[in-house]
Amino acid sequence: MQIIYQGIDHLGEALKGSTKVLLVCGSSFPYLGIKDKIEHMSTPYMVFDQFTSNPLYEDICRGVDLFRITQCDTILAIGGGSSMDVAKCVKLYCQMSKDKSYLQQEYKDTGVKLIAIPTTAGSGSESTCYAVIYHDGKKQSVTHESIIPDVAILEPKFLKTLPIYQKKCTMLDALCQGIESWWSVNSTDESKRYSKIAVETIIKYWREYIFENTDFSAEQIMLAANYAGRAICITQTTAAHAFSYKITSLYKLPHGHAVAVGLSEIWEYMLLNMNKCLEPRGKEYLLDIFADISKAMGCLTLEQAVVKFRQILTEMEITNPVATNKTEEIEILSHSVNPVRLKNNPVELCEFTIKSLYEIIIK
């Protein structure tokens, strides 16, 4: 079971038993306000920060080499998604043979302790079994239970100085993950409990977090993002995430922004097309799930929840991407959707529907 601590003061407890640490951190590390605490921790450490914002396979190889050469036994990841992805892959690959691509070898639990300290509240990567790296220009999704960090330390003061647009986008990622996990065909009682906490908490505190920047709201949103991450680790994402990836690359939008602009359209379509239900537990079950999500958002009807989600985007000035050549771009987007993610969606989305939804999403 993962241990979750509230506050950086628990770092010493997290490091008990460690003899040497590989510190995986991004370029923002020196400005985080915990640099002194890390530099003066009692456990020796080596810094690894030679990786890009979209980590390359070659970056991971350098991290693995450093981990081995310096004889570290613990990995400490501090930062956003990139730092988490690198740290997870270094843990997974550090005992593999160098004579063959790490991507082609069997994944096994290495037993290396991994501690994660997120500096944003969004993906919940500090509690998921997923990582993303790039090899030969292609995205590689890495999934294994053993890369869920052994310890996550949630320090909300990191959120206080984030640019407001970054706060909006990362929080929206967490909200979308909570909603998508809740209606996923893979949901369980445990994942739905996590989703409920995530959605209710974000709905309650998002305005205070975005517009007032209070300490308490930052603490609540960071915790909500962690719960959303835990939920999605069980269920994986659904159609809104599948739609988002090409939107991100084509229009250079942050991930949370790209997911959010598609979610309400997909949500509304599902409510209007329950005859295409794919949820194995049945149509009535899915309607109950939509009702539970609506209640968590403080709405009386299923339709009101969609309206409220759109109102949140409007208040935060999160707008839809605008096409330069809409016909061409819709074709590109329509052919980009990952069918694996669609299998998790509770309502069928055929090729014609995907294209029609993109026609609405892209202005």
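1. Start with α9 and α14. In this predicted model, helix α9 (residues 255-272) and helix α14 (residues 351-361) have axes that come within 10 Å and cross at roughly 130°. An angle over 145° would count as roughly antiparallel and 65 to 115° as roughly perpendicular, so α9 and α14 end up oblique to each other. The crossing of this pair is right-handed.

2. If you want to click through the α9/α14 contact, the α9 side is V261, G262, E265, I266 and Y269. Facing them from α14 are T353, L357, I360 and I361. By residue type, the contact of α9 with α14 splits into 6 nonpolar, 2 polar and 1 charged.

3. Next, α9 against α11. Helix α11 (residues 302-315) packs on α9 at an angle of about 165°, and the axes are 10 Å apart. Angles over 145° count as roughly antiparallel, which is therefore the label for α9 and α11. The crossing of α9 and α11 is left-handed, whereas that of α9 and α14 is right-handed.

4. From α9 come A260, V261, L263, S264, E265, W267, E268 and L271. From α11 come L302, E303, A305, V306, F309, R310 and L313. Sorted by type, the contact of α9 with α11 has 10 nonpolar, 1 polar and 4 charged residues. Note that V261 and E265 turn up in the α11 contact and also in the α14 contact.

5. Now the core. The largest nonpolar core runs to 76 residues, and the ones with the most contacts inside it are I179, F243, W267, M297, F309 and Y358. Helix α9 supplies the largest share of this core, 10 residues.

6. What does M297 touch, not counting residues up to four places away in sequence? The list is I179, V199, I203, W267, A305, K308 and F309.

7. A word on Y227, which sits in helix α7 (residues 215-235). Is Y227 buried or exposed? Its relative accessible area is 18% and the cut-off for buried is under 20%, so Y227 counts as buried. Beyond its neighbours within four places in sequence, Y227 is in contact with Y194, I197 and A198. For a sense of scale, Y227 and E106 are 121 residues apart in sequence and 29 Å apart in space, C-alpha to C-alpha.

8. Finally, two backbone angles to look at. Most residues other than glycine have a negative phi. Q236, which is not a glycine, has a positive phi of about 65°. Q236 is in the loop between α7 and α8 (239-251), and at 25% relative accessibility it counts as partly exposed.

9. The other one is E317, again not a glycine, with a positive phi near 60°. E317 belongs to the loop between α11 and α12 (326-334). With a relative accessible area of 64%, E317 is exposed.

How values were computed
Residues numbered from 1 in each chain as written. Predicted model: local features only at pLDDT ≥ 70, side-chain atom pairs only at ≥ 80, totals over all residues. Heavy atoms only, no water. Axes fitted to C-alpha atoms, helices over the stretch in contact; angles between N-to-C directions. Helix = DSSP H or I, 4+ residues; strand = E, 2+ residues; numbered from the N terminus. Parallel < 35°, antiparallel > 145°, perpendicular 65-115°, else oblique. Left-handed = near helix turned anticlockwise from the far one by under 90°. Contact = heavy atoms within 4.5 Å. Nonpolar A, V, L, I, M, F, W, Y, C, P; charged D, E, K, R; others polar. Core = buried A, V, L, I, M, F, W, Y, C linked by side-chain atoms within 4.5 Å. Buried < 20%, exposed > 50% of the residue type's maximum accessible area, 1.4 Å probe, protein only.
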